[in-house]
Amino acid sequence: MLKPEHLRTLREVVQLGSFAAAANRLGYTSSAVSQQMAALERQIGVRLFERSAHSVLPTGAAEVLARHAATVLGDMERMIATVQAVHRNSERRIHLGIFPSFADVLTGVLGRMEDRDRAGVRVTVGESSQLIPRLGAGGEMDAAIVYQVGNSGLSWPSALGRRWIAEDRYKVVLPAQWGDLAPHRAEQLVDLPWIMHHPGSSDASFFEGVFSRWSLHPRVACHADDFKIMLAMVEAGMGAALIPDLALRGHGPGVVVADVPWLNTSRSIFALARPERETARLLSLLDALAV
């Protein structure tokens, strides 16, 4: 098999017109260049130079081989650069943002990863509207798991790639101390106290629309935007609430979860990522996070 260093030396000799000039450019001795060219001639069985006491002249075969060598060496350099780039991308750390109630999903996936891979993941927890600005130009995060309820006011730069993760259904959550309220009809629940999102938030506006479709105007006992707090309030008997499945994982015995047909509401969970940072490792992690 031809050696790349021999082809590189041949290219320089043909281009510069002498063994000495090629040796000077490549950092060899003239003797080393002569030995390489002799070895190349033996390997291919073709005379590449006409030698005299004062000069060496490349043959036509040498000029043809030098032209092909330039192409081969260029391809090899591009191949090595591509492999090195893939290696750098696969080795770089991943900075991922998630919203709070997605933490259980992420920790489950991280728990199944090898120690080395898990150590390469950095996580920031925040609300979707807080995470998206950190994905923009100059942002430090590679991707973020965010959610949107209906057509709420969440927006993001068009340059970010979007990747679906899951639909997270909302359930009606009631204090267990209220007893069995099945079949949980809308009109049956409207007069009960409710724990709702703070007025003016995108989630609050969406759920006001959900209740309005059923001509319902619930009596609000508490405003809260944190699902853990809402769940604790329900368990304490303060009121009912609409809470998504992910936020209900591991809930206590003090609540009753009702999947009511009239609600039929979910939030869309998806990943936003900067295209230039979509490495194989990041895409593999996002695939594992699809629930």
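Helix H10 makes the greatest contribution to the lining of the largest pocket, with three residues. The model is predicted, with local features requiring pLDDT of at least 70 and side-chain atom pairs pLDDT 80 or more, whereas totals for chains, interfaces and linings use all residues. Residues are numbered from 1 along each chain as its sequence is written, and side-chain values use heavy atoms, without hydrogens and water.

## Pocket and cavity

The largest pocket has a volume of about 370 Å³. Its lining comprises 18 residues, of which Pro100, Ser101, Phe227, Lys228 and Ala247 are the closest to the centre. Helix H5 (103–111) and helix H10 (227–235) each supply at least two of the lining residues.

A search of the whole structure also finds one cavity of 30 Å³ or more. The space in the largest cavity amounts to about 50 Å³. Its lining is formed by Ile195, Met196, His197, Ala204, Phe207, Met230 and Leu242. Strand E7 (193–196) and helix H9 (202–213) are the elements that give two or more residues to this lining.

Both kinds of space are defined on a 1 Å grid over the protein atoms alone: a cavity is a set of points where a 1.4 Å probe fits but cannot get out, a pocket is an open set with protein on both sides within 12 Å along at least five of seven lines, and lining residues have an atom within 4 Å of a point. Grid points are joined across faces, edges and corners, and a volume is the space filled by probe spheres set on the points.

The linings divide by class as follows, with Ala, Val, Leu, Ile, Met, Phe, Trp, Tyr, Cys and Pro counted as nonpolar, Asp, Glu, Lys and Arg as charged, and the others, Gly among them, as polar.

| Lining | Nonpolar | Polar | Charged |
|---|---|---|---|
| Largest cavity | six residues | one residue | no residues |

## Aromatic pairs and charges over rings

The structure holds five aromatic pairs. Rings of Phe, Tyr and Trp (its six-membered ring) pair if their centres lie within 6.5 Å; planes under 30 degrees apart count as stacked, over 60 as edge-to-face and the rest as tilted. One of the pairs is edge-to-face and joins phenylalanine 19 to phenylalanine 49, at 5.3 Å centre to centre and 85° between the planes. This pair links distant parts of the chain, with phenylalanine 19 in helix H2 (residues 19–26) and phenylalanine 49 in strand E1 (residues 49–51), 30 residues apart. Phenylalanine 19 counts as buried at 10% relative accessibility, and phenylalanine 49 is buried at 0%. Buried means under 20% relative accessible area, exposed over 50% and partly exposed in between, with a 1.4 Å probe and protein chains only.

Tryptophan 156 and phenylalanine 270 form a tilted pair, because their ring centres are 5.2 Å apart and their planes stand at 55°. Tryptophan 156 lies in the loop between strand E5 (143–149) and strand E6 (161–175), and phenylalanine 270 in strand E11 (residues 266–273), so the pair ties together parts 114 residues apart in sequence. Tryptophan 156 is partly exposed at 25% relative accessibility, whereas phenylalanine 270 is buried at 1%.

Arginine 162 lies over the face of phenylalanine 270, at 4.0 Å from the ring centre. A charge sits over a ring if NZ of Lys or CZ of Arg is within 6 Å of the ring centre and within 35 degrees of the ring normal. Arginine 267 is placed over the face of tyrosine 147, at 4.5 Å from the ring centre. Tyr147 also belongs to one aromatic cluster with Phe99 and Phe102.

## Buried residues and their contacts

Serine 128, in helix H7 (residues 128–131), is buried with a relative accessible area of 4%. Leaving out residues up to four places away in sequence, serine 128 touches Phe99, Val146, Tyr147 and Leu154, where contact means heavy atoms within 4.5 Å.

Alanine 166 belongs to strand E6 and is buried at 2% relative accessibility. With residues up to four places away in sequence not counted, alanine 166 touches Arg267, Ser268, Ile269 and Val291.

Glutamate 12 is located in helix H1 (residues 4–16) and counts as buried at 8% relative accessibility. Apart from neighbours within four places in sequence, glutamate 12 contacts Gly17, Ala22, Arg25 and Leu26.

How values were computed. Helix = DSSP H or I, 4+ residues; strand = E, 2+ residues; numbered from the N terminus.
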